[in-house]
Amino acid sequence: MPVGQLVWMSFGDVRLVAGDFQWRPVGFENFIRMFGDETFAISLRNSSVFIFWTVALTMVLGTVLALATDRLVRSQQTVQNVLIWPAIVAPVVVSVVWLLILSPQIGLLNRILITFGIEPQAWLGESFGAMASIIVLDVWHWTPIVFLFVYTAVRGLDQSVLEAARVDGATYLRQVRDIILPLIAPALVGAAAIRLIMGVKAFDEMYLLTFGGPGTATTVITIYLRAVFFDSFDYGYGSALSVTVVLLVAFVLVLALVYRSVRRRFSND
């Protein structure tokens with residue numbers, strides 16, 4: 001079983017000899033080594049920043065777009081197709097398109113800045129710009145996932161409840177706050193959980209656009225794992241890092257489920 005083998009490798013010094021893994025037990029040495037690994041700490045911090053902003057922005061934008069689309073009287077189907085389109089494009093194609101937009105030399109964005117007499121920017125060449133760029137790219141690419149979750153939930157609401165609120169004089173914003181959002185909360189939680197997992201797994205776009213740089217500015221955990229496994233061939237340590245990341249994600253998800261369960265219990269009381 002691959003997961004079991006990953007755990008087994010995390011407790012050893014693993015080397016690839018003549019096409020076969022040779023394992024020597026080292027106990028918890030690989031896990032202890034993480035505490036002194038500065039690059040691992042940086043990759044965790046970068047991943048946390050990336051996940052926080054991408055999850056928060058896609059949740060807000062996806063929800064607003066779903067509510068706005070639901071309010072449209074005409075062309076709902078056309079708007080849906082346009083909004084969903086980014087999610088069906090392959091990550092490699094997305095990376096090439098955004099490279100053509102953000103490239104300091106040939107990028108469309110810098111050409112527009114020059115047209116207005118503004119100094120061109122090295123979007124991917126400095127730390128803040130590189131991280132901001134991959135966050136914007138990810139939000140553009142995956143907001144449709146949240147949109148689909150929320151739009152489906154909104155369309156499935158009992159319209160008689162909303163009609164009763166309108167008859168009572170509730171404004172649309174009050175309906176959203178007091179009725180719609182509480183009723184679609186399960187869809188929001190599901191979308192947030194999926195976006196969290198996607199954020200942890202994110203690799204393609206930042207690897208193709210920045211290769212983790214400049215320096216370690218966009219080295220998220222997946223890029224660091226690739227370097228440990230395939231550049232350093234340190235399979236035991238890479239396995240220990242992978243197991244730790246899986247446990248961290250599981251811990252966050254369990255914590256969210258417990259919080260949701262406790263909150264629901266107190267609200268019912």
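Threonine 222 is found in helix 12; helices (H or I, at least four residues) and strands (E, at least two) are DSSP runs, numbered from the N terminus. The model is predicted, so that local features need pLDDT of at least 70 and side-chain atom pairs count only at pLDDT 80 or more, while totals for chains, interfaces and linings use all residues. Residues are numbered from 1 along each chain as its sequence is written, and side-chain values use heavy atoms, with hydrogens and water left out.

Threonine 222 counts as buried because its relative accessibility is 16%; buried means under 20% relative accessible area, exposed over 50%, and partly exposed in between (1.4 Å probe, protein chains only). Leaving aside neighbours within four places in sequence, threonine 222 is in contact with Val200, Lys201, Ala202 and Phe203, where contact means heavy atoms within 4.5 Å.

The whole protein may now be considered. The protein has 13 helices and two strands, and of its 269 residues, 39% are buried. Along the principal axes, the C-alpha atoms fill a box of roughly 75 × 60 × 30 Å. Of the contacts between residues at least 6 apart in sequence, 64% join residues at least 24 apart.

Alanine 66 belongs to helix 3 and counts as buried, because its relative accessibility is 0%. Between alanine 66 and valine 146 there are 80 residues in sequence, yet their C-alpha atoms are 8.6 Å apart in space. Alanine 66 also touches Phe147, Val150 and Tyr151, when residues up to four places away in sequence are not counted. The second example, glutamate 126, is placed in the loop between helix 6 (108-115) and helix 7. With a relative accessibility of 37%, glutamate 126 counts as partly exposed. Its C-alpha atom is separated by 8.2 Å from that of alanine 217, which is 91 residues apart from glutamate 126 along the chain.

The two strands come next. Strand 1 (residues 12-17) pairs with strand 2 (residues 20-25) in the antiparallel sense, over six bridges; two strands pair if DSSP finds at least two bridges between them. Opposite glycine 12 stands proline 25 of strand 2. The hairpin formed by strand 1 and strand 2 has two residues between the strands, and in this hairpin alanine 18 takes a positive phi near 55°.

Attention then turns to the interior. In soluble globular proteins, nonpolar side chains tend to be buried together. The largest nonpolar core here has 47 residues, and Phe50, Ile180 and Leu241 have the most contacts inside it; a nonpolar core is a set of buried Ala, Val, Leu, Ile, Met, Phe, Trp, Tyr and Cys residues joined through side-chain atoms within 4.5 Å. Two or more residues of this core come from each of helix 3, helix 7 (127-155), helix 8 (159-167), helix 9, helix 10, helix 12 (221-231) and helix 13. Helix 7 gives the most, with nine residues. Phenylalanine 50 touches Met131, Ile134, Ile135, Asp138, Gly199, Ala202, Met206 and Val220, not counting residues up to four places away in sequence.

The largest pocket is lined by 26 residues, and Ala192, Leu196, Val252, Leu253 and Ala256 lie nearest its centre. Helix 3 (38-71), helix 9 (172-183), helix 10 (185-201) and helix 13 (235-268) are the elements that give two or more residues to this lining. Helix 13 supplies the largest share, 12 residues.

In the loop between helix 11 (204-209) and helix 12 is proline 214, which a cis peptide bond joins to glycine 213, with omega about 0°. Phenylalanine 211 lies in the loop between helix 11 and helix 12 and has a positive phi near 55°. Because its relative accessibility is 52%, phenylalanine 211 counts as exposed. In the loop between helix 12 and helix 13, phenylalanine 233 has its place, and its phi is positive, near 55°.

Note on methods: 1 Å grid on protein atoms, 1.4 Å probe; cavity = no way out; pocket = protein on both sides within 12 Å on 5 of 7 lines; lining within 4 Å.
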